[in-house]
Amino acid sequence: MMKIKKLGLLPLIIISIIVGIALGNVLPLGAVRVFTTFNALFSQFLGFMVPLIIVGLVTPAIADVGKGAKRLLLITVLLAYCDTVLSGLLSYSVGSWLFPSLINTQETFEQVKSATAIEPYFTINIPALFDIMSGLVFSFIAGLCITSQRLNNLYGVFSDLSKVVDAVIRNVIIPILPLYIFGIFLNMTYSGEVYHMVLVFAKIIVVIFALHIIILLYQFSIAGAIVKKNPFVLLKTMLPAYFTALGTSSSAASIPVTLQQTINNGVSKGIAGFVVPLCATIHMSGSVMKITACALTICILNGMPHDFMLFFGFILLLSIMMVASPGVPGGSIMAALAPLASVLGFDSEAQALMIALYIAMDSFGTACNVTGDGAIALIVDKVTKDSVEE
């Protein structure tokens with residue numbers, strides 16, 4: 001069991017997908033229904049937890065963002081949020097242009113309609129304590145009030161709730177995810193959906209990889225123009241941070257390297273020491289780009305609405321939710337389940353697909369996030385120096 005845990009989440013997810021597809025061709029219906037039943041129960045638990053995840057993570061996150069050097073904090077947060085939203089919009093624009101030609105929409109829709117539905121043996125209804133949007137609105141109100149009114153006792157309550165939610169994600173949801181995803185791909189293989197889906201997403205992953213390179217190029221081109229330095233030299237200096245994040249899949253674990261390389265790019269130690277740790281939490285351009293591209297793909301595959309205004313609202317909300325993502329592998333996609341369900345209307349199967357796809361590309365998104373933090377720090381350093389000189 002310990003050896004299985006040491007494999008890490010990504011290898012377990014990949015194994016789950018491969019084994020699910022392989023066994024979906026040989027297992028009888030009765031065995032498939034066992035896993036379908038487990039997935040139905042787990043999806044009910046997940047639906048119960050999502051609003052609590054929002055309140056437990058977003059409320060203290062909003063309160064924490066409000067505590068700090070006001071002007072410097074405002075500049076950093078504004079830059080990080082705008083860049084994250086821009087990455088999502090770029091992903092949607094490229095996806096709207098390319099994905100329809102990569103996906104045979106009519107053929108896919110007919111496959112989904114003709115797929116064999118597999119019913120669980122039984123289900124248990126676990127209603128959420130409150131709906132997703134109610135939780136999100138409450139989190140904003142509570143977080144802002146904690147900051148403005150200095151409600152330290154209330155902050156302590158939500159901070160403890162955050163620890164409870166984080167413990168559930170670490171010790172229950174994340175460990176069970178491989179089995180849940182195994183059940184999804186087992187079900188899809190048995191019902192005849194999986195092969196076309198795998199082929200489609202192989203094409204989409206290539207586009208996503210290209211997009212994360214484009215995002216880094218435009219981030220450092222803008223930063224280089226502002227600080228009047230060669231953007232390619234600046235980006236090259238940040239490569240150790242990129243590869244550290246690629247290997248660890250963790251923004252937090254990459255902070256020491258990101259900090260040093262940012263300083264090597266000429267950012268003052270004080271600004272780098274403030275911006276880099278903060279952006280490790282709030283600047284999620286690579287994550288939002290991936291989630292947007294995968295969500296758009298699933299919408300196209302299933303004939304769901306995917307117009308610009310719908311996705312614009314989704315990206316704005318998603319970029320806020322990323323601030324609250326817990327620091328565990330797959331934490332960002334767990335925080336993203338709320339807007340995926342409330343804005344795009346994703347059911348449990350679509351959410352499971354999103355989780356599998358996101359984790360399969362987790363390292364590249366994290367590397368994009370971390371490397372882009374260096375570009376944000378360059379701009380903040382330049383802006384603050386200019387304001388001091390004035």
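Which residues does L340 touch, not counting residues up to four places away in sequence? They are A295, F314, I333, G345, F346 and M354. Touching here means contact, with heavy atoms within 4.5 Å.

This is a predicted model, in which local features need pLDDT of at least 70, side-chain atom pairs count only at pLDDT 80 or more, and totals for chains, interfaces and linings use all residues. Residues are numbered from 1 along each chain as its sequence is written, and side-chain values use heavy atoms, with hydrogens and water left out.

**Overall make-up**

- The protein has 17 helices and 0 strands. Both are DSSP runs numbered from the N terminus: helices are H or I with at least four residues, strands are E with at least two.
- Of the 390 residues in the protein, 51% are buried. Buried means under 20% relative accessible area, exposed means over 50%, and partly exposed lies in between (1.4 Å probe, protein chains only).
- The protein exposes about 17,000 Å². Carbon and sulfur atoms supply 69% of that area. Accessible areas come from the Shrake-Rupley method with a 1.4 Å probe, and for residues only the protein chains shown count as cover.
- Among contacts with a separation of 6 or more, 85% join residues 24 or more positions apart.

**Nonpolar cores**

- A nonpolar core is a set of buried Ala, Val, Leu, Ile, Met, Phe, Trp, Tyr and Cys residues joined through side-chain atoms within 4.5 Å.
- The largest one has 102 residues. I173, L340 and F346 have the most contacts inside it.
- A second, separate core has 6 residues, including V55, A63, A142 and Y155.
- In soluble globular proteins, nonpolar side chains tend to be buried together.

**A buried helix residue**

- A338 lies in helix α15, which spans residues 331-342.
- A338 counts as buried because its relative accessibility is 2%.
- A338 and I54 are 284 residues apart in sequence. In space they are 7.6 Å apart, C-alpha to C-alpha.

**Aromatic pairs**

- A search of the whole structure finds 10 aromatic pairs. Rings of Phe, Tyr and Trp (its six-membered ring) pair if their centres lie within 6.5 Å; planes under 30 degrees apart count as stacked, over 60 as edge-to-face and the rest as tilted.
- The rings of F42 and F45 have centres 6.3 Å apart and planes at 40°, so this pair is tilted.
- Both F42 and F45 lie in helix α3 (residues 29-65). They are 3 residues apart, about one turn of the helix.
- F42 is buried, at 5% relative accessibility, whereas F45 is partly exposed, at 24%.
- The rings of Y242 and F243 have centres 5.2 Å apart and planes at 85°, so this pair is edge-to-face.
- Y242 is buried, with a relative accessible area of 9%.
- Ring pairs also link Y92, F308, F311, F312 and F314 into a cluster. F314 is also one of the residues that L340 touches.

**Positive phi in loops**

- R150 is not a glycine, yet its phi is positive, at about 55°. R150 sits in the loop between α6 (132-149) and α7 (152-191).
- R150 is exposed, because its relative accessible area is 69%.
- K228 is another residue other than glycine with a positive phi, near 60°. The loop between α8 (194-227) and α9 (231-237) holds K228.
- K228 is exposed, because its relative accessible area is 73%.
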